[in-house]
Amino acid sequence: MSEDKIYIKNKKAYFEYHILDKYVAGIKLLGTEIKSIREGKANINDAFCTFISNQLYVRNLHISEYSFGSFYNHEAKRDRVLLLNKKELKKLLTRGEEKGLTIVPLALFISERGFAKLEIGLAQGKKTFDKRETLKERDTKVEMDRAMKR
């Protein structure tokens with residue numbers, strides 16, 4: 001195992017949504033996909049989760065093709081199955097159908113055992129004034145940190 005940890009974060013999700021619940025799900029991947037993730041060549045900014053025939057899928061998760069892969073290489077943006085307990089899937093299915101709630105990927109990382117995991121969150125969309133408030137809070141926090149360093 002390599003010393004540096006792979007942790008790919010979706011910063012846009014925290015800006016666009018209020019995160020209500022968080023879950024950690026496994027991902028069903030091909031061999032070249034996990035190798036690309038270990039190289040850090042993945043992008044989850046445009047990804048979202050959806051239910052297709054009672055299974056949770058992540059869509060638009062971009063995992064670049066493995067550089068040493070031959071004709072066994074994978075598609076960069078394909079639907080991938082998320083692995084959760086039945087109880088968690090049922091809870092997400094019922095809560096996800098509520099008005100204004102969606103399931104978004106928050107982070108992609110490699111666990112201690114070497115498996116790729118996706119942190120997903122049950123989220124509610126923010127209004128534009130909420131986004132402006134988030135920006136103001138971030139700016140005041142940066143100013144406070146600068147003042148404390150002086």
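Student: Is E33 buried or exposed?

Tutor: E33 is buried, with a relative accessible area of 0%. Buried means under 20% relative accessible area, exposed means over 50%, and partly exposed is in between, using a 1.4 Å probe and protein chains only.

A word on ground rules. This is a predicted model, so local features need pLDDT of at least 70 and side-chain atom pairs count only at pLDDT 80 or more, while totals for chains, interfaces and linings use all residues. Residues are numbered from 1 along each chain as its sequence is written, and side-chain values use heavy atoms, with hydrogens and water left out.

Now the partner. E33 forms a salt bridge with R78, and their closest N and O atoms are 2.9 Å apart. A salt bridge here is a side-chain nitrogen of Lys or Arg within 4 Å of a carboxyl oxygen of Asp or Glu. Side chains of opposite charge can pair when their charged atoms come close. E33 lies in helix α2 (residues 31-38), and R78 lies in the loop between β6 (62-63) and β7 (80-83), so the pair ties together parts 45 residues apart in sequence. The helices (H or I, at least four residues) and strands (E, at least two) are DSSP runs, numbered from the N terminus. E33 is buried, whereas R78 is partly exposed at 22%.

The side chains of R59 and D79 meet in a salt bridge of 3.2 Å, N to O. R59 is partly exposed, with a relative accessible area of 31%. D79 is partly exposed too, at 29%.

Salt bridges can share partners. That is how D21, R95 and E98 are joined into one network. Within it, the side chains of D21 and R95 meet at 3.5 Å, N to O. D21 lies in strand β2 (residues 17-27) and R95 in helix α3 (residues 86-96), so this pair ties together parts 74 residues apart in sequence. D21 is partly exposed, with a relative accessible area of 24%. R95 counts as partly exposed at 25%. The whole structure holds 10 salt bridges.

Next, K131. K131 sits in helix α4 (residues 128-149). The side chain of K131 makes a polar contact with the side chain of E16, at 3.0 Å. A polar contact is a pair of N or O atoms within 3.5 Å; within protein, one must be able to donate a hydrogen and the other to accept it, and residues adjacent in sequence count only if both atoms are side-chain atoms. Leaving aside neighbours within four places in sequence, K131 is in contact (heavy atoms within 4.5 Å) with F15, E16 and K126.

Finally, two asparagines on either side of β5. N54 is in the loop between β4 (48-52) and β5. N60 is in the loop between β5 and β6. Phi of N54 is near 60 degrees, a positive value in a residue other than glycine. N60 has a positive phi of about 65 degrees, although it is not a glycine. N54 is exposed at 62% relative accessible area, whereas N60 is partly exposed at 32%.
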